[in-house]
Amino acid sequence: MVLLDGLDEVADPYMRQRLVQWAESQVARYPDNHWVLTTRPQGYDAAPLDGAEVLVVRRFTPDQIRRFVHGWYGAVERLSGSRDTGAVAYASAEDLIDRLRAQPSLYGLSSNPLLLTMLCNVHRYLGALPGTRAELYGQICQVLLWRRHQAKGLWKDADAGPAREAVLRELAYGMMVHQTRSLPVGGALATDLLVPALVRELPGVSTDAFLTSVARTGLLVEREPGQFSFAHQTFQEYLAASHIHHNGSGHLLEGRISDAWWRESILLWSTVNPPDHVIEACLELDTAEALALAFDCYDEAREKPHELGQRLEQLRLEALQSPADSPRRQIMEGATVARHLRQVVWLADGVLISALPGQPRRLPSVHRRPPGIPA
């Protein structure tokens with residue numbers, strides 16, 4: 001069995017296509033092997049593998065969320081060595097589950113194993129939950145970088161937390177611009193991206209010392225000797241979006257709306273900034289992918305301009321009246337169904353209802369799964 005993880009993490013479209021062609025040639029050369037390639041949808045749609053059976057990972061069910069939370073807290077409390085670990089773990093797990101029920105917007109996050117782990121970490125150290133994905137990622141970064149140290153009384157490490165986060169924001173943005181997930185220690189890229197930020201935020205700290213200290217938190221990992229990367233691409237995308245937000249440079253995203261590498265950063269930026277100009281740029285580009293991004297940005301936005309919302313809704317309804325096999329119709333069907341799946345109310349285990357106003361005549365029947373939309 002040959003496992004290839006993270007096709008979407010190859011940022012350059014040409015290199016991603018070459019990797020797909022290489023994989024196809026290896027599959028043909030060694031037909032008796034089993035091949036498994038993982039990717040997020042936006043990384044696969046532009047470079048599909050010929051003849052592959054495409055599967056979509058299912059979300060956690062409410063019962064699986066409950067089992068995971070109880071298992072996670074049980075393991076963490078046992079490792080902590082505290083007394084009455086069973087009772088403490090049960091109470092903490094139930095408190096988190098109750099908070100998830102009270103915030104339906106977080107259900108879409110808790111149904112993802114990685115994000116549910118993040119929610120568990122934030123809940124354990126802060127005793128509370130954020131309201132959006134961007135806030136969740138921000139809290140996770142703070143918990144890993146310094147809030148855990150605060151809880152343990154390690155104030156020396158905690159004091160450097162905000163400065164380390166500022167350096168990581170600049171580093172993440174630079175790595176996104178250079179379309180890389182890997183940072184070789186001592187290389188020109190590490191020097192160019194880290195040295196100016198360290199001189200400004202943490203004078204006297206070397207690049208090696210900084211990378212080693214952050215790696216201890218879990219935000220960075222040394223995947224190979226001398227090769228660092230963020231523990232998950234989500235962290236890199238969030239910190240890059242946060243850097244753009246802190247520097248007021250959201251206009252830079254308008255030229256990247258057609259680049260799948262930047263899609264998640266654009267969405268995360270839209271949760272804390274008015275995305276009007278980005279959405280207008282998407283509508284002007286007028287491709288199926290750009291339209292899908294426009295709707296997602298509007299859904300992510302904290303403040304939703306009424307006129308822009310009406311315009312998007314009119315576009316959606318017009319698209320749903322186009323031929324069933326047209327890309328525009330398919331992307332709008334997918335966007336409509338995805339919005340209803342994201343905004344649900346958790347009534348009981350196994351019972352979820354859409355939180356959006358019921359308009360059954362406007363919700364089309366999906367004849368086949370649009371690209372990138374989980375079944």
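Q: Which residues does Leu168 touch, leaving aside those up to four places away in sequence?
A: Contact means heavy atoms within 4.5 Å. Leu168 touches Leu145, Phe210, Val214, Leu219, Leu220, Phe230 and Leu239. This is a predicted model: local features need pLDDT of at least 70, side-chain atom pairs count only at pLDDT 80 or more, and totals for chains, interfaces and linings use all residues. Residues are numbered from 1 along each chain as its sequence is written, and side-chain values use heavy atoms, without hydrogens and water.

Q: How many residues does the largest nonpolar core have?
A: In soluble globular proteins, nonpolar side chains tend to be buried together. Here the largest core has 87 residues. Val69, Leu168, Leu183, Phe210 and Phe230 have the most contacts inside it. A second, separate core has six residues, among them Val20, Ala23, Tyr44 and Leu49. (Core: buried Ala, Val, Leu, Ile, Met, Phe, Trp, Tyr and Cys joined through side-chain atoms within 4.5 Å.)

Q: Is Leu144 buried or exposed?
A: Buried (under 20% relative accessible area; exposed is over 50%, partly exposed in between; 1.4 Å probe, protein chains only). Leu144 has a relative accessible area of 11%. Leu144 is found in helix α7, residues 133-151. Leu144 and Gly161 are 17 residues apart in sequence, and 9.1 Å apart C-alpha to C-alpha.

Q: At what angle do the axes of α9 and α10 cross?
A: Two packed helices are described by the angle and the distance between their axes. The axes of α9 (residues 161-177) and α10 (residues 188-201) cross at roughly 160 degrees and come within 9 Å. That makes α9 roughly antiparallel to α10 (over 145 degrees). The contact includes Ala163, Val167 and Leu171 of α9, and Leu194, Ala197 and Leu198 of α10.

Notes
Axes fitted to C-alpha atoms, helices over the stretch in contact; angles between N-to-C directions. Helix = DSSP H or I, 4+ residues; strand = E, 2+ residues; numbered from the N terminus. Parallel < 35°, antiparallel > 145°, perpendicular 65-115°, else oblique.
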